[in-house]
Structures are given as C-alpha cells and as structure tokens.
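Work through these exercises with the model open beside you. Try each task before you read its solution.

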Amino acid sequence: MALVRTGLDRLATAAGTVGRTAAEVGRAGVYTARTFGSPAGLRGLAVEWAWLAAHMAVYPAGLVHETFVATGDGYRTDTLPPERRGRLVADVEGAGYPVLLVHGIMDNRSVFTVFRRALRRRGFGTVHAVNYSLFTGDVRTAAHELRGHVERLRELTGAEHVHIVGHSLGGMIARYYVQCLGGSDVVDTLVTLGSPHTGTLSAYLMPTPLAAQLRPGSDLLTELAEPAPGCPTRFLVVWSRMDQMIVPQRNARLAHDDLHVEHLELRDVGHLSLPIDPRSVHWVVSALARSDHRRHPFRRGQAADRRPVTTYGERSSPAS
C-alpha cells in the first residue's frame, strides 16, 4: 500500500510539473506573439534576421582561434589614437583591464564583431575573444577552460583584473567561473547578454547533458543560486522581453542576494542581436569605462528594487 501511495505521489508531482511547464509555455507563446506583433517587435525581428544573415557570412572566419599578441606599448600615450589616449589619461588602472569575450552555444567569436569595435573605439586596448568547442557538453568543464584563458591573458598583459563579456551560454560559463572557481578574485565585471540565469524551457527541446544543465531547477543552477558571500565582481545583465531563446524571458534576469547586479532591460531585441544592439553596446561599454576599482562593494540583503535597472523600448505587459 505504501508503494502504491508513493507511486501516486510521484505521478501527481510529475503531472503538476508538466502542467506548470505547459502553462509557462502557453503564457510565453501569448507574450511572444503580442511582442512580435508590435511595431518595435517587427523592427526587432527584421534586425534579427538581417544580423543572422550577416553573421552567417562571417561565421567561417570566426572558427579560427584568435592568437593574442602583446603590443608592448605599456602606458605610453604618444603612439595611441585619441580615444585610447583619453581613456588612459582619465583612468590609468581601468585602461589596463583586458576584456575577454565568450560566445554562446554553437557559435564562435564572430558574434562579437560589432561589440569588439565599440570597445576599441572607447579606448579598451586589449580585447580578446576565445572559442570553446562546439561540442562542449558541460558548463563546469568549460568554466575550467575559461579559467585557463583568463590566467594566460593576465600573464601576457600583466593585468591584475579582467572584464568578461558572455553571450548566452558564454555568460553562464563565465558566471560559474566567477562564483564557483575563484574567478571573483580577478574578474572586475562580468557582462551577460541573454544568459538563462534561472534556466530556459527551450532547453527541454535538446536531449543533451548540456541542455539539461540549462533547464530550470537543474543541479547547476541550484549550485549557482547558493550563497556567494564576499563576491566583489560586478554583474551587468542585459536581457530582452523579445528573446526567443530564453523562455520565459524573465529567466535572463539575475537575482542573487550576494551579487552586485545591474540590469538593462530591452523590449524589442532578439537573442542573436543582443551583442549588436546600439543600446546594449552603449550601456555595457559605458559601464565598463566607469568600473569601480574598489571592486564594487555590495551589502548582503540590499533590496532588489534599489539595484540599478535601465529599460529601453516600448512598454508592454510583464514578460512571461
């Protein structure tokens, strides 16, 4: 009798989970249809398809791993262009921070073509993109590899700290490195663009171990939700209410009592377009240029609604 009761309880739990998931998918579908049907949504969809076509054209070149070459310019200003010269004079420490770019799933460094140019124009002299394997099957393993990239970059540049920008899965890999592998000691700011911080229902469409880690409630996401006291890294989180890969879209936000988080909310940008959207690029680059070198002190328990939030785009109903 006890076995029967246990089986029925498990069946009821499974049914409840399926029901909640179906309801979430239904709400996400209604919200997505409403969003894409708006003028801003149609423009965003057009940009998404145009960037997809352009990205596919440069994708093959991005498969080649980038070789980092130290320039040896040090802190001389006479040989620098005006943008870099101005940044160096205004902020010597910040100008020495390298920026490491980490792409998303099944992608490569070519997704940061526009973003890299914007960083260089703003005066960041060392901007390096890494490629991890297309067959990566574990976030934790990829985070260990990222740690190696960071250490090599710091060794080559002599920098004490770095900034990391991660798109989609790249943001989750970098977050695991910061929170769980000691990366908070050397990462000044971590930027995530459309990363599923609390999972995405679209991961259920992919029957792979990696996709399982990105599902809501997974062991990986549970580990990342655990306390992270004393983490000095600043998190800049960009998410969009039109993100077609993160379902529900609100799961791209990051809420954690121990982390210093600033959000940029967009309402009319697709997932792939986040690294090229002018508002996204401007917000992130400007925030990196004003990095707080006291390592962003943050008090545990600070009210979430007092953390910086920036919103761009047409207003609509709450994200699914």
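A helix axis here is a line fitted to C-alpha atoms over the stretch in contact, and angles run from 0 to 180 degrees between N-to-C directions. Keep in mind that this is a predicted model.

**Exercise 1. Describe how helices α6 and α7 pack.**

Step 1. Two packed helices are described by the angle between their axes and the distance between the axes.

Step 2. Find the two values. The axes of α6 (residues 139-157) and α7 come within 8 Å and cross at roughly 75°.

Step 3. Classify the angle. Angles of 65 to 115 degrees count as roughly perpendicular. Therefore α6 and α7 are roughly perpendicular to each other.

Step 4. List who makes the contact. From α6 come Val139, Arg140, Ala142, Ala143, Leu146, Arg147, Val150 and Glu151. From α7 come Leu169, Met172, Ile173, Ala174, Tyr176 and Tyr177.

Step 5. Sort the residues of this contact: eleven are nonpolar, none is polar and three are charged.

**Exercise 2. Check the length of α7 and say how covered it is.**

Step 1. Helix α7 spans residues 169-180, twelve residues in total.

Step 2. Compare the spans. From first C-alpha to last, α7 reaches 16 Å, close to the 16 Å expected at 1.5 Å a residue.

Step 3. Turn to burial. Eleven of the twelve residues of α7 are buried, so the helix is mostly covered, with buried meaning under 20% relative accessible area. Among them are Gly170, Gly171, Arg175 and Gln179.

Step 4. Look past the end of the helix. Glycine 182 follows α7, and its phi is positive, near 80°.

**Exercise 3. Find and classify the aromatic pair.**

Step 1. Searching the whole structure gives one aromatic pair.

Step 2. Its rings belong to phenylalanine 112 and phenylalanine 115, with centres 6.2 Å apart and planes at 80°.

Step 3. Planes over 60 degrees apart count as edge-to-face, so this pair is edge-to-face.

Step 4. Both phenylalanine 112 and phenylalanine 115 are buried.

**Exercise 4. Is histidine 55 buried or exposed, and what does histidine 55 touch?**

Step 1. Locate the residue: histidine 55 sits in helix α2 (residues 39-62).

Step 2. Its relative accessibility is 3%, so histidine 55 counts as buried.

Step 3. Leave out residues up to four places away in sequence. Histidine 55 then touches Asp107, Ser110, Val111 and Leu272.

Step 4. Histidine 55 and phenylalanine 112 are 57 residues apart along the chain, yet their C-alpha atoms are separated by 9.7 Å.

Definitions and conventions
Residues are numbered from 1 along each chain as its sequence is written. This is a predicted model: local features need pLDDT of at least 70, side-chain atom pairs count only at pLDDT 80 or more; totals for chains, interfaces and linings use all residues. Side-chain values use heavy atoms; hydrogens and water are left out. Helices (H or I, at least four residues) and strands (E, at least two) are DSSP runs, numbered from the N terminus. The expected span of a helix is 1.5 Å times one less than its number of residues. Buried means under 20% relative accessible area, exposed over 50%, partly exposed in between (1.4 Å probe, protein chains only). Rings of Phe, Tyr and Trp (its six-membered ring) pair if their centres lie within 6.5 Å; planes under 30 degrees apart count as stacked, over 60 as edge-to-face and the rest as tilted. Contact means heavy atoms within 4.5 Å. Angles under 35 degrees count as roughly parallel, over 145 as roughly antiparallel, 65 to 115 as roughly perpendicular and the rest as oblique. Ala, Val, Leu, Ile, Met, Phe, Trp, Tyr, Cys and Pro count as nonpolar, Asp, Glu, Lys and Arg as charged, and the others, Gly among them, as polar.
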